[in-house]
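Dear colleague,

I am handing over the structure that we talked about, and I would be grateful if you could look through it alongside these notes.

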Amino acid sequence: MIATLAALATMSIGGVAIARALDPSSRGAALLARGFLLGLGTASLILLLFTNLGIAWSLSRAGIGFVAVAVLAALAARRRRRPVRAAAAGPPASRSALVLSIVLWIVVAATLAGHAIFATLASPPEWDYWAIWGLKGKVFAQAGAVDWSWLERPANAFAHPDYPPLLPLAYDTLSLAQGGWDDRWFGLLFTALAATLVALVAAEIRSEASPVWAAVAAAALAGPVAALPIGLAELPLLAFATAGLLDLRGALLRGEEERMPMAGVLLGLAAMTKNEGSAILVAAVLAGVLAARPGPFRPLLRLWPAPALAGWWLLLRSAHGLSTDLFAGDLAGRIFGFAGNLAPMFGALMRTLPLSPLFWAAALLILLLGRREALARERFLLAVMALQIAFYLGTYTLTPRDAGWHVRSSWRRVVTHVAAPLVFVAVIVAMDAQGRGREREGRVDGDGES
Amino acid sequence: EGSRVAIVVPMREWERGYAWAYYRASWFLAGREVVPLLDEDDRFLRENLQRADFVASWGGEARLPRFVPLWRGPDGILYGRER
């Protein structure tokens with residue numbers, strides 16, 4: 001446990017240096033959260049780079065590589081001017097609101113503490129952990145490299161060799177720190193990711209609103225995030241993607257263009273975590289074009305690290321002939337015959353509630369009741385979520401498997417990929433409604449007095 | 001390390017248990033080449049048995065020509081090639 005905690009702390013410290021190089025105006029909880037994500041991504045992808053360069057893995061080599069990146073980033077950060085970010089914090093809260101926010105944060109802390117206990121009771125038990133994510137990590141750890149021959153073997157197709165490798169490589173980083181494979185403590189990585197995600201969303205809300213709304217967002221998100229499966233790629237994907245989307249939103253809606261490089265790297269790390277991360281990247285670019293209208297699209301070119309990172313894996317995947325099962329068989333026939341999958345797909349969707357159904361019902365109700373102006377302002381994140389869901393539904397219609405089975409076995413998990421952006425938008429819309437309500441009350445009071 | 005191990009279990013249908021056992025064995029035997037003896041249509045993969053260095057049988061004995069038991073445990077037997 002100590003070795004795992006030390007590895008996670010080292011990733012955070014080195015990652016903060018990288019975060020400051022990418023966005024010198026980032027600070028506080030937002031900086032620390034992004035630092036952890038960047039440190040995790042860097043440490044993991046260094047192992048992929050070592051494999052590409054033919055360097056055998058060892059703790060000392062991985063450590064030297066990671067420290068070298070962090071030092072270079074720190075030097076780069078010192079050279080960059082630190083822009084002052086406008087409206088860095090929302091308005092102050094009343095005393096009662098502060099007490100409420102403290103209570104909510106205690107609930108969040110208790111949820112995360114419970115998550116840490118549960119996540120480390122034993123090794124991750126999920127089927128997809130020991131058949132996909134953990135299995136690849138274990139195989140690579142034993143080989144001391146990404147084991148291409150194992151990935152290429154037809155008998156191992158069940159482990160989805162085409163899936164991006166960041167999470168298995170994160171396990172390998174922790175395994176190097178542990179001096180062996182002790183996956184019981186990998187659960188701590190997931191608690192750290194849950195805390196990071198909650199902190200990211202709360203810090204972003206806090207930059208536009210009072211602390212109590214930040215606490216509301218944290219409390220709304222902590223439960224559903226803690227309920228995500230331990231050992232699978234959903235939580236890392238959600239953390240990388242949400243962080244990148246919030247940076248992109250800040251750049252597009254608030255004119256904080258200095259956040260673009262960070263958004264590009266984080267979305268690239270999302271694409272290196274799951275194939276759905278590439279779908280999120282495409283959705284983000286399309287929604288970014290929509291949100292930037294009638295402005296220029298040129299700032300979106302600063303997202304280039306994202307396709308560069310995604311392309312790294314796609315090139316390797318292609319070189320080793322690791323194809324995605326979605327595109328296997330008669331794809332053209334499935335495209336023309338997609339209508340045949342609609343009925344089983346919608347039938348299964350009706351019977352497959354997502355995890356934490358009350359959370360989804362509450363968030364969607366808030367959006368339905370929200371003011372049109374507030375929703376229009378959040379068109380970027382809403383468009384990303386809509387496109388993402390559309391991509392997933394499109395995948396179900398083109399699946400080479402039974403569409404109903406595909407929905408039943410994945411919908412619960414994949415729909416969580418929009419959970420954090422949904423909480424963010426729901427809280428923004430609720431805040432707007434409360435602000436308008438107060439304005440109306442103020443006008444009525446004012447009329448009465450006159 | 002690097003040995004090829006074929007998997008025998010009482011379940012003889014891919015979707016009704018064999019796939020689970022094969023995937024699970026891949027986890028426990030990571031570092032070796034684990035090969036199935038059934039395909040997804042429940043056809044016997046004779047060539048995988050012929051290429052195997054070892055056969056791990058869980059939940060009962062297996063009658064395997066040219067393989068001899070090397071180790072027995074409460075739940076299974078490891079067979080190796082007859083020399």
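This is a predicted model: local features need pLDDT of at least 70, side-chain atom pairs count only at pLDDT 80 or more; totals for chains, interfaces and linings use all residues.

Residues are numbered from 1 along each chain as its sequence is written, chains are lettered from A and ligands numbered from 1 in the order in which they are written, and side-chain values use heavy atoms, with hydrogens and water left out.

To begin with the interface, 15 residues of chain A are in contact with 13 residues of chain B, contact meaning heavy atoms within 4.5 Å. Chain A and chain B bury about 1200 Å² between them, with 67% of that on carbon and sulfur atoms; buried area here is the accessible area (1.4 Å probe) that two parts lose on being put together, summed over both. One salt bridge is found across this interface, the term standing for a side-chain nitrogen of Lys or Arg within 4 Å of a carboxyl oxygen of Asp or Glu. The partners are E33(B) and R153(A), whose side chains meet at 3.6 Å, N to O.

E33(B) also forms a salt bridge with R51(B), where the closest N and O atoms are 3.5 Å apart. Because R51(B) lies in helix α2 (residues 46-51) of chain B and E33(B) in strand β2 (residues 33-35) of chain B, this pair ties together parts that are 18 residues apart in sequence; helices (H or I, at least four residues) and strands (E, at least two) are DSSP runs, numbered from the N terminus. E33(B) counts as buried at 12% relative accessibility, while R51(B) is partly exposed at 38%, given that buried means under 20% relative accessible area, exposed over 50%, and partly exposed in between (1.4 Å probe, protein chains only).

Over all chains, the search finds 27 salt bridges. One of them joins R34(A) and E204(A) at 3.9 Å, N to O, and this pair links distant parts of the chain, with R34(A) in helix α2 (residues 28-53) of chain A and E204(A) in helix α8 (residues 187-206) of chain A, 170 residues apart. Both R34(A) and E204(A) are buried, and they belong to a network of salt bridges whose members include E208(A), D247(A) and R249(A).

Leaving aside neighbours within four places in sequence, the contacts of L269(A) include L37(A), F240(A) and L309(A).

H160(A), in the loop between α6 (148-152) and α7 (166-178) of chain A, has a phi near 50°, a positive value in a residue other than glycine, and is buried at 15% relative accessible area. R66(B), in the loop between β3 (54-58) and β4 (67-72) of chain B, likewise has a positive phi, near 70°, but is exposed at 58%.
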